[in-house]
Amino acid sequence: MTAHAPHDDTIRSLLEERRTFPPPAAFTAQANVTPEWITREWVERAGEDAETFWTHRADALEWAEPWHTAHSWTPTDGDSVPAAEWFAGGKLNASVNAVDRHVSAGHGDRVAFHFEGERGDRRTITYAELQREVAKTANALTALGVGVGDRVVVYLPVLIETVIIQLATARIGAIHSLVFGGFSAEAVRFRVEDTGAKLLVTTDGQFRRGQAVPVKHQADAAVAGVESIEHVLVIRRTGDEVPWTEGRDVWWHDVVDGASDVHEPEFFDAETPLFIIYTSGTTGKPKGLVHTTGGWLTHVAWTFWAVFDAKPETDVYWCTADLAWVTAHSYETYGPLLNGMTSVLYEGTPDTPSWERHFQILQRYGVTTYYTAPTLIRSLMSRYPDGPPASYDLSHIRLLGTVGEAINPEAWVWFHRYLGRGETPIVDTWWQSETGGAIAAPLPGVSTLKPGSALTALPGLTVRVVDADGRDVGPGGGGLLVIDGTWPGMSRTVWGNPERYRDSYWKRFADQGFFLAGDGAKLDDDGDLWVLGRIDDVINVSGHRLSTIEIESALVAHPKVGEAAVVGVADDLTGQAIAAFVTGDGEAAELRGHVRTSIGPVAQPKFVFTVPDLPKTRSGKIMRRLLVDLVDGRPLGDTTSLQDETVPPRIAEIVRIHLGR
């Protein structure tokens with residue numbers, strides 16, 4: 001395979017990472033996916049016959065009626081709208097698969113969730129109890145006039161009720177759309193109007209950094225004058241008084257608690273929409289991605305079992321994402337439940353009341369699998385460079401995972417050394433809201449790990465790194481990350497705008513049939529995948545297209561840097577200049593020299609700002625666009641999804657002084 005000459009979409013990859021970590025023999029011996037399993041399950045042929053591979057995976061679900069067509073695909077010709085179906089004609093119920101079948105199999109006493117509130121309140125719910133709560137809520141929804149195909153917008157923090165309303169909505173064939181509990185009224189209103197929602201589910205308030213924060217007034221503003229809304233269903237969380245609209249607003253405890261705890265489910269075609277999830281909208285109006293039932297459940301059920309080596313009899317699993325994000329849909333709610341797992345839910349922020357909160361939760365519930373964001377790992381690493389305090393026993397952790405963005409190699413090594421005792425595999429997963437589930441990730445009983453690499457596509461999936469013309473760039477080259485072909489968990493359309501779905505993901509490489517992921521990536525000499533960040537985050541310095549993640553990784557590797565975020569800012573001479581925002585006590589000249597040595601002169605930051613913290617969403621992602629706006633002097637826009645809204649103004653003052661404004 002030959003790498004082609006540089007072009008507009010070539011991304012220069014300059015940072016080398018050569019450390020490797022083979023799977024521990026003891027882990028492989030008990031793993032769900034072993035070399036023998038791969039041979040037995042014809043995984044080698046999965047890339048050539050993905051349809052057969054995925055039909056075998058679908059057999060793990062409970063179907064009320066079998067499908068008549070495993071897969072059909074009508075690609076776009078550049079003008080037509082693409083259309084995919086998986087397991088058409090088959091009928092099933094998502095809620096039955098997630099809960100009821102485990103109770104029927106005799107596992108009703110197994111814990112489904114351990115919930116811990118930010119204030120320290122705790123609740124444990126078994127599968128049998130969850131089944132009854134979902135049934136009551138499904139009956140309540142029906143009484144409120146919600147039916148098949150209706151949209152339910154859920155504006156809640158991380159609560160057990162958030163899971164219950166998802167499952168109850170799915171049980172009756174309605175469509176749920178979750179909104180991050182920290183979003184503004186305007187953001188919620190957009191989603192309510194775009195979906196034409198009949199019901200909004202919210203709380204009186206939520207607990208945030210030790211404070212009871214009002215929410216109901218935001219919900220009221222979001223639905224004011226929206227004709228489609230018939231009811232607002234309110235959960236009492238903080239106990240504060242709230243504004244009330246008679247005839248529209250109803251308390252959860254009034255309509256759910258008294259409902260029957262028996263509900264006879266219906267079964268729906270595999271292509272019935274299950275949920276709508278909105279992209280962040282940082283580069284335009286958010287897109288409402290539609291995921292359907294049979295294919296998506298198949299994808300997340302199998303990838304959870306394989307990637308997280310699910311052992312429902314003994315595992316305690318914790319995914320730290322907010323329940324509104326796609327990570328939680330796939331690998332906090334449905335994926336674990338489909339596999340009969342016991343999981344942890346935590347309402348609050350990782351630093352409330354202190355940065356030891358996660359270590360406390362890991363120890364208290366005996367968490368065995370811990371799936372979190374690289375940003376949180378870097379935060380912990382900067383505060384605990386020698387690992388968690390010795391008073392915590394984390395020896396029960398057997399598997400670690402990362403999600404949300406590429407992880408810096410040094411953060412990976414810290415995670416492996418101090419939370420994994422130098423022996424626990426790490427599954428570094430690459431996927432998106434659009435893909436529905438993991439696309440590339442290690443298989444922990446098989447894969448030799450490389451810090452910062454998602455390695456290869458999972459069985460039944462194919463990824464490529466291509467140039468602007470769709471040609472493979474080959475080992476060592478950087479380019480556009482694409483998915484070759486279709487897969488069961490893929491989003492089917494953009495709600496109400498199929499043309500935008502076509503144009504955003506399929507039109508550019510219509511001739512090749514590639515899905516454009518929007519990320520840049522490289523392949524190393526072994527053909528393993530290294531994600532370089534969003535194409536929009538690539539910095540163009542004097543014609544050199546540079547990956548932000550590589551520069552950030554070089555900075556984080558410096559002993560005086562805790563966290564780093566790198567962005568491209570306007571520059572009259574070079575078009576863009578590199579601006580680095582770092583925590584720690586490294587001197588600017590020292591850090592520039594370190595990047596120059598680690599990567600090369602072209603990657604040396606023009607600006608180095610030492611800041612007290614970085615602007616992060618509650619899911620742990622760094623909001624780099626805010627940093628660009630701060631340097632370029634633009635208004636910041638909506639910051640309601642931030643963990644700490646005081647961070648941008650503090651950084652703004654540092655930038656102002658540094659630039660002499």
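1. Strand 28 (residues 561-571) is a mostly covered element, with 10 of its 11 residues buried. The model under discussion is a predicted one. Strand 28 runs antiparallel to strand 29 (residues 575-584), and 9 bridges join the two. Within this pairing, Val567 has Ala579 of strand 29 as its bridge partner.

2. An open sheet is formed by 4 strands in the order 21-22-24-25, with antiparallel pairing. Strand 21 and strand 25 (529-534) stand at its edges with a single partner strand each, so one side of each has no neighbour in the sheet. From one strand to the next, the twist averages 45°.

3. Strand 24 (residues 514-523) and strand 25 run antiparallel and are joined by 5 bridges. Leu523 stands opposite Leu529 of strand 25. Helix 16 (residues 548-556) lies across strand 24 and strand 25, and its direction is at about 100° to strand 25.

4. Which residues touch the most other members of the largest nonpolar core? They are Leu130 and Leu200, in a core of 129 residues. Helix 10 (residues 293-307) gives the most to this core, namely 8 residues. A second, separate core has 48 residues, among them Tyr346, Val413, Ile539 and Val608.

5. The surroundings of Leu200 can be listed in detail. Leaving aside residues up to four places away in sequence, Leu200 touches Val153, Tyr155, Val188, Val192 and Ala219, as well as Val223, Ile229, His231, Val232 and Leu233.

6. How do the helices that follow meet? The axes of helix 13 (residues 374-383) and helix 14 (residues 409-419) come within 10 Å and cross at roughly 70°. Because angles of 65 to 115 degrees count as roughly perpendicular, helix 13 and helix 14 are described as roughly perpendicular to each other. Ile377, Arg378, Leu380 and Met381 of helix 13 meet Glu410, Ala411, Trp414 and Phe415 of helix 14. The residues of this contact comprise 6 nonpolar, no polar and 2 charged.

7. Is Ser433 buried or exposed? Ser433 has a relative accessible area of 17%, and since buried means under 20%, Ser433 counts as buried. Ser433 is located in the loop between strand 20 (426-428) and strand 21 (463-466). Residues up to four places away in sequence not being counted, Ser433 touches Ile277, Leu289, His291 and Val326.

8. Some backbone features deserve a check. Most residues other than glycine have a negative phi, and most peptide bonds are trans. Thr352 and Pro353 are joined by a cis peptide bond, with omega about 0°. Pro353 is placed in the loop between strand 17 (342-346) and helix 12 (357-364).

9. Arg209 is not a glycine, yet its phi is positive, at about 55°. Arg209 belongs to the loop between strand 9 (205-208) and strand 10 (211-214), and with 28% relative accessibility Arg209 counts as partly exposed. Arg421, also not a glycine, has a positive phi of about 60°. Arg421 is found in the loop between helix 14 and strand 20, and at 35% relative accessibility Arg421 counts as partly exposed.

Key
Residues are numbered from 1 along each chain as its sequence is written. This is a predicted model: local features need pLDDT of at least 70, side-chain atom pairs count only at pLDDT 80 or more; totals for chains, interfaces and linings use all residues. Side-chain values use heavy atoms; hydrogens and water are left out. A nonpolar core is a set of buried Ala, Val, Leu, Ile, Met, Phe, Trp, Tyr and Cys residues joined through side-chain atoms within 4.5 Å. Buried means under 20% relative accessible area, exposed over 50%, partly exposed in between (1.4 Å probe, protein chains only). Contact means heavy atoms within 4.5 Å. Axes are lines fitted to C-alpha atoms, for helices over the stretch in contact, and angles run from 0 to 180 degrees between N-to-C directions. Angles under 35 degrees count as roughly parallel, over 145 as roughly antiparallel, 65 to 115 as roughly perpendicular and the rest as oblique. Ala, Val, Leu, Ile, Met, Phe, Trp, Tyr, Cys and Pro count as nonpolar, Asp, Glu, Lys and Arg as charged, and the others, Gly among them, as polar. Two strands pair if DSSP finds at least two bridges between them.
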